[in-house]
Amino acid sequence: MAGIPFKAALFDLDGTLLDSMYVWSRVDEVFFAARGIPLPEDYGRAIAGKSFRESAQYTVERYLPGERWQDVCAEWTRLSELEYAHNVRLKPGAMSYLRMLRREGVKLAVATALTPKLFEPCLRNLGIDDLFDAFCSTEHTGGRGKASGEVYLLAAEKLGVAPEDCAVFEDVLAGVEGAKAVGMRAYCVRDSHSEKDFDAIARLADGMIDSFDEMRAHHAFAPSPRCVIFTARCEGDLRAAYAPEPGDRILCADGGWKLARELGVQPELVIGDFDSSEAPESGAVERHPVMKDDTDTMLCIKHGLRAGCERFWIVGGFGGRFDHTMANIQSLAYAASRGASAGMADGFCRAHVLKDGAMTLARRPGKLSLFALGGRCRGVTLCGALYPLENAELVSDFPLGVSNEYAADEAEISVAEGMLLIVQTGDSI
């Protein structure tokens, strides 16, 4: 954790990690409109920093005498749960920052006023639930809000870290006040709904940021090493499939340790059920039962994601049983769906999975093909190829992008929406 001035980071969700305040604006409008009441102008600011329960109690006492706060909470949950489960996105830089902290050994916790029923499916959908060591809601502190600081103390206790070694990331004044009151660092992630309090927050907070990338002003960011996963089979030239990079973290899926040994590479961990290969006689081994949901390669992907890795490279993965090849491609898609870059090579073929992004590939002998994974890819653009594409749509049941050729030294590929499989084939790749 060199350069990081805290041992644990506690994250609020709404407006801090999650770009989600629009959900509550809609909920408030629908909720009050259903009762024939105009949305109070100062309502959002009045409940900022309050727990779910406190917000409901305030709403009942101020505007809805005769209603029960429990029923208000249930209605809010019903109005918002689908949006949280499927559509809420992360704030800029949040994913990379969480993974960087994870790689550096910083313990991570959620400290939120949201109920678990809302935040648990949201974090799963975003692919970040495995990054946290603890989850705390104001529900777990008797419904008391952020200003008390109790939810942060609970998170610190669960992590086993002293309050003075914790940093809290918040977007509202009450949260910053609560964090400072219990002796923690506090960083404010600016969100427009708290704009009126920015001056007051700035006087208390240890820093204010618009993007998590701006935390570079407060501490160094460690580089992101590549996670390399050796599978048990490589059809082509092993040395063409794996070109070492400084800092590579090496995992082996089951018998993949034998391929790593051929190259003189020492894995940090061998993971598998060892149903088709014996385990190595030395080194770290993580055994799993044969009857399991995850393939050995997927176990490696998940291990790397939990460790904070953002780049994955599978060595081998093609050839042999077609179902194994498909499983490895789906493992790449799993990593890409969680914001990581993911590729695979065996010396004959290379594959990359790209989700909602862009990449550049150097020209190689052979063909270049693009396929839609899991439905449709919209806004597909391909430059530097014999058959270019511009803002095209690829679908999973028609191979429009197969067997293209390079027309330049580089191919530039982007997809606005969807999961794109990029395959390079040739005699020496």
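**Helix packing and buried loops**

Mentor: Start with a helix pair. Helix α3 (residues 52–63) packs with helix α4 (residues 69–86) at an angle of about 115 degrees, and their axes are 8 Å apart. Keep in mind that this is a predicted model.

Trainee: What is the handedness of the crossing where α3 passes α4?
Mentor: Right-handed.

Trainee: And which residues make the contact?
Mentor: From α3, F52, R53, S55, A56, Q57, T59 and V60. From α4, W69, V72, C73, W76 and T77. By class, that contact of α3 with α4 has seven nonpolar, four polar and one charged residues.

Trainee: Switching to α5. How many of its ten residues are buried?
Mentor: Eight of the ten, so α5 (residues 94–103) is largely enclosed by the rest of the structure.

Trainee: Which ones?
Mentor: A94, M95, Y97, L98, R99, M100, L101 and R103 are buried in α5.

Trainee: What covers them?
Mentor: The cover on the buried residues of α5 includes strands β1 (8–11), β3 (89–90), β4 (107–112) and β6 (166–170). Helices α6 (116–126) and α12 are also part of that cover.

Trainee: What comes just after α5?
Mentor: G105, with a positive phi of about 85 degrees.

Trainee: Now α13. What should its 16 residues span?
Mentor: At 1.5 Å a residue, helix α13 (residues 322–337) should span 22 Å. Its end C-alpha atoms are 23 Å apart, which agrees.

Trainee: Which of its residues are buried?
Mentor: T325, A327, N328, I329, S331, L332, A333, Y334, A335 and A336 in α13.

Trainee: Which residue other than glycine has a positive phi near 55 degrees?
Mentor: D254 has that value. D254 sits in the loop between β10 (249–253) and α11 (256–262).

Trainee: Is D254 buried or exposed?
Mentor: Buried, because its relative accessibility is 4%, and the cut-off for buried is under 20%.

Trainee: What about F274, what is its phi?
Mentor: Positive, about 55 degrees, although F274 is not a glycine. F274 lies in the loop between β11 (269–272) and β12 (285–287). At 11% relative accessibility, F274 counts as buried.

Key: Residues are numbered from 1 along each chain as its sequence is written. This is a predicted model: local features need pLDDT of at least 70, side-chain atom pairs count only at pLDDT 80 or more; totals for chains, interfaces and linings use all residues. Side-chain values use heavy atoms; hydrogens and water are left out. Helices (H or I, at least four residues) and strands (E, at least two) are DSSP runs, numbered from the N terminus. The expected span of a helix is 1.5 Å times one less than its number of residues. Buried means under 20% relative accessible area, exposed over 50%, partly exposed in between (1.4 Å probe, protein chains only). Axes are lines fitted to C-alpha atoms, for helices over the stretch in contact, and angles run from 0 to 180 degrees between N-to-C directions. A crossing is left-handed if the near helix is turned anticlockwise from the far one by less than a right angle, and right-handed if clockwise. Contact means heavy atoms within 4.5 Å. Ala, Val, Leu, Ile, Met, Phe, Trp, Tyr, Cys and Pro count as nonpolar, Asp, Glu, Lys and Arg as charged, and the others, Gly among them, as polar.
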